[in-house]
Amino acid sequence: MTKSFADDNRLHEATARIRRFLDHDRPDTPCLVIDLPTVRDRFTAIREALPRVAVFYAVKANPAPEVVELLAAEGSCFDVASPAEIDLCLARGAAPGAISYSNPIKKARDIAYAFGRGVRLFVSDSEQDVRAVAEHAPGSSVLLRIVVESRGSTYPFGKKFGCAPEMAADLLRLAAELGLAPLGVAFHAGSQQLDPTGWDGAIADAAEVVLKLRAEGLPVTTLNLGGGLPAAYLERPPAPAEYGAAITAAIERHFGDFTPRVMIEPGRAVVAESGLIRSEVVLVAKKSYTDEQRWVFLDVGRYGGLAETEGEAIAYPLETSRDGGPTGPVVIAGPTCDADDVLYQHTVYELPLDLRAGDFVDLLRAGAYTASYSSVAFNGFPPLATHCVR
Ligand SMILES: *Cc1c(COP(=O)(O)O)cnc(C)c1O
């Protein structure tokens, strides 16, 4: 049985392990603490939900070396976007053959660097990039990324990546002419995809390209499902098994008799639920004598790792060191002098009425796209530190 995304007992245990670490080591706040057993548990759940699919962890979601090392030891492959991410994976135990350079936007010298380090799998979506891969990574395998219409996703990828399916087919033909191995088709159905059928349309488009090229005699074999598997925040998505069933059914429906090799590139779903950000209340204030709403300013904000609060897209569950007493509505904001550094003013959050400066506010399920998004020193605040517990 595959566990649901939000297995409350396990998450409770993880939070308890993290709090023991925080109580004992008392690191400076704000900081992110990652519970490594939860990372292993989530990775295993995804593998069980999609047993014949190769899992490539998207490193950008959380590049903590301990996370990469654990996943390499568990047999994960890696989706990287830059030379630094390649170096990180190789240093932490990944084999070069387990790395996909999945960023279609790359410099020729970065392709050459990847090739020099043994990487042989690239994702592309343009003629210039296919030609650059052929020149600087000769003989490598290439996947062509198609643009997809994304529904059901909290973070659609828009039009920045991918090309029309007929262009992808032409570029796979070109790749073969240039001596590359035309491996197959990739896409990304949008991050935090709350609809298990959200991959269906893209799988249909990919199947059409793959089957057409195979009919022409090109040995195209592979479907890369990209990222998008969700995590449980305030809102809880369906369990991984439901995603596995919907995706497997879509592949069978659209590919028919041909069984493609399949890869998936989860980022968020592997690490989000393993992380807790401990922050400290800097100030609690009211804007007028009549306002019921208080403003709670934390020492972590939009630039310190909470980029995904933009548009209030991701709503982290919160717990405070004063939980238990009466609560009232709040606006929650970060510590910088930037007017956009407001985390939640529409999402309804109630925090304890006696909350004051120096109290802790913990943001749960904050392991993905937090530390990796924090700015180096906007307004003089240091980047979000990461600690890992075992
Ligand atoms: C960011 C990214 C992912 C991971 O997406 P999640 O929604 O976090 O799973 C996967 N593949 C590619 C190409 C990406 O850019």
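How far from a nitrogen atom of the ligand does a polar side-chain atom of E265 lie? In this predicted model, local features require pLDDT of at least 70 and side-chain atom pairs pLDDT 80 or more, whereas totals for chains, interfaces and linings use all residues. Residues are numbered from 1 along each chain as its sequence is written, and side-chain values use heavy atoms, with hydrogens and water left out.

The E265 side chain places a polar atom 2.7 Å from a ligand nitrogen, a polar contact being a pair of N or O atoms within 3.5 Å. An oxygen atom of the ligand lies 2.4 Å from a side-chain N or O atom of S191, and a ligand oxygen is 2.9 Å from a polar backbone atom of G267. The protein buries 93% of the 390 Å² that the ligand exposes when taken alone (Shrake-Rupley method, 1.4 Å probe).

The ligand is surrounded by 13 residues, the closest being K60, S191, E265, R268 and Y369 (a heavy atom within 4 Å). This shell comprises 3 nonpolar, 5 polar and 5 charged residues, with Gly counted as polar and Tyr as nonpolar.

The ligand sits in the largest pocket, with more than half of its atoms within 2 Å of the grid points. A pocket is an open set of points on a 1 Å grid over the protein atoms alone, where a 1.4 Å probe fits, with protein on both sides within 12 Å along at least five of seven lines; lining residues have an atom within 4 Å of a point. The largest pocket holds about 660 Å³ of space, the volume filled by probe spheres set on the points. Its lining draws at least three residues from each of domain 1 (38–271) and domain 2 (273–389), as bounded by an automatic or database assignment.

Definitions and conventions
Polar contact = N/O pair within 3.5 Å; in protein donor to acceptor, adjacent residues only side chain to side chain.
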